[in-house]
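Hi there,

Here is the structure I promised to pass along. My notes on what turned up follow below it.

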Amino acid sequence: MEMPKLTIGNVTARLPIIQGGMAVRISLSSLAGSVAKAGGIGVIAGSGLEPEELAAEIRRAREIAEGGVVGVNIMVAVKRFAELVHVALEEGIDLVIAGAGFSRDVFQWCKDAGTPMVPIVGSERVAQLSQRFGASAVIVEGVEAGGHLGTDELMLDLLPRIVDAVDLPVIGAGGIVTGADIKTALDAGAAGVQMGSRFAATVESSAAQNFKDLYVGCAPEDIVLIKSPVGLPGRAIRSSLTERLAAGDVPRIERCIVCLKKCGKDFCIMDKLVKAQAGDLEQGLIFAGSAAARIRDIPTVAELMDRLVSEWTVATEGGAA
Ligand SMILES: Cc1cc2nc3c(=O)[nH]c(=O)nc-3n(C[C@H](O)[C@H](O)[C@H](O)COP(=O)(O)O)c2cc1C
């Protein structure tokens with residue numbers, strides 16, 4: 001049996017696997033291009049990039065992808081959201097994913113460009129609103145996901161309700177690291193899955209080596225929630241920074257680069273994400289999903305995609321027998 005394909009608007013991927021966009025600079029051209037080449041949807045995280053950097057990453061990803069599907073993920077909360085979405089559309093990106101907030105305008109920009117628009121949603125209400133505005137699919141992210149969180153519900157609790165609430169492909173995100181996990185999400189009604197943490201710990205991910213090693217070595221109790229100045233909780237690996245944040249012991253922003261539309265100014269999220277990507281595990285914020293504790297190696301994307309397909313096949317054929 002073959003894994004089902006994933007069609008979103010006018011775009012079809014051979015495998016129902018989206019590599020989640022991961023800012024800042026964790027998912028760039030090497031990761032997104034390799035996932036697309038292997039048959040999934042590769043996603044470049046645009047948040048925190050300069051517009052010309054994003055354009056260059058998109059071009060490079062397309063070269064690596066050899067015709068595979070490449071998208072961008074840009075957080076609505078970032079000040080340069082509109083500018084970055086327009087750069088991606090001008091570069092002819094295959095699809096746009098918008099997380100951390102809701103924008104009405106992006107639906108029209110994508111419609112004008114003929115590009116599928118896929119919001120990340122955490123409730124039936126936002127999923128239905130997205131459908132009315134012209135979404136081509138929705139991504140349902142559960143509380144177990146890495147990064148900023150828009151819900152306190154588990155993905156498998158939320159997903160079936162959203163499948164019932166909209167007439168669109170629904171993608172499940174949060175807690176997926178194996179082909180058996182993919183089967184569980186598809187069985188619950190998902191048209192595909194989005195995986196972040198699993199792809200952060202691959203050879204082609206642009207995270208520093210010690211960032212990836214931390215994923216491989218962490219235990220469930222090492223994964224914690226923080227309060228992000230974006231105004232949402234965020235899931236990350238426990239570090240000296242998360243301990244200091246929990247104790248209220250992090251100095252407020254001294255030099256603001258005005259990167260967010262609205263910022264609580266408790267600390268600079270961009271600065272901490274940039275530091276983590278560069279390997280400063282003391283000062284950086286290492287976003288990770290709760291399932292990072294099940295990750296035990298750092299494969300290439302090609303190895304990982306083959307493994308996911310084999311695991312899905314074993315789970316599916318074993319289940320059918
Ligand atoms: C390091 C990291 C950075 C992330 N950055 C973003 C981001 O910039 N925008 C976004 O919408 N989601 C972001 N996410 C969420 C992922 O795209 C994905 O939905 C999530 O990781 C799925 O959960 P999982 O980690 O359990 O697979 C990030 C996740 C991680 C682990």
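Let me start with strand β4 (residues 41-45), which is mostly covered, as five of its five residues are buried. Buried here means that 20 or more other C-beta atoms, placed from the backbone, lie within 10 Å of the residue's own. Strands are DSSP runs of E with at least two residues, helices are runs of H or I with at least four, and both are numbered from the N terminus.

Before going on, please keep in mind that this is a predicted model: local features need pLDDT of at least 70 and side-chain atom pairs count only at pLDDT 80 or more, while totals for chains, interfaces and linings use all residues. Residues are numbered from 1 along each chain as its sequence is written.

In a regular strand the side chains alternate between the two faces of the sheet. From β4, Ile 41, Val 43 and Ala 45 point one way, and Gly 42 and Ile 44 the other way.

What joins β4 to β5? Five bridges do, and the two strands run parallel; strands count as paired if DSSP finds at least two bridges between them. Ile 41 has Val 69 of β5 as its bridge partner. Between β4 and β5 the chain passes through helix α2 (residues 51-65), in a right-handed β-α-β crossover. Right-handed means that, with the strands pointing away from the viewer, the path from the first strand over the helix to the second runs clockwise.

β5 (69-75) also supplies at least two residues of the shell around the ligand, as do β11 (192-195) and α8 (197-200). Of these, α8 gives the most, with three residues.

Best wishes

Note on methods: Buried ≥ 20, exposed ≤ 12 C-beta atoms within 10 Å, placed from the backbone.
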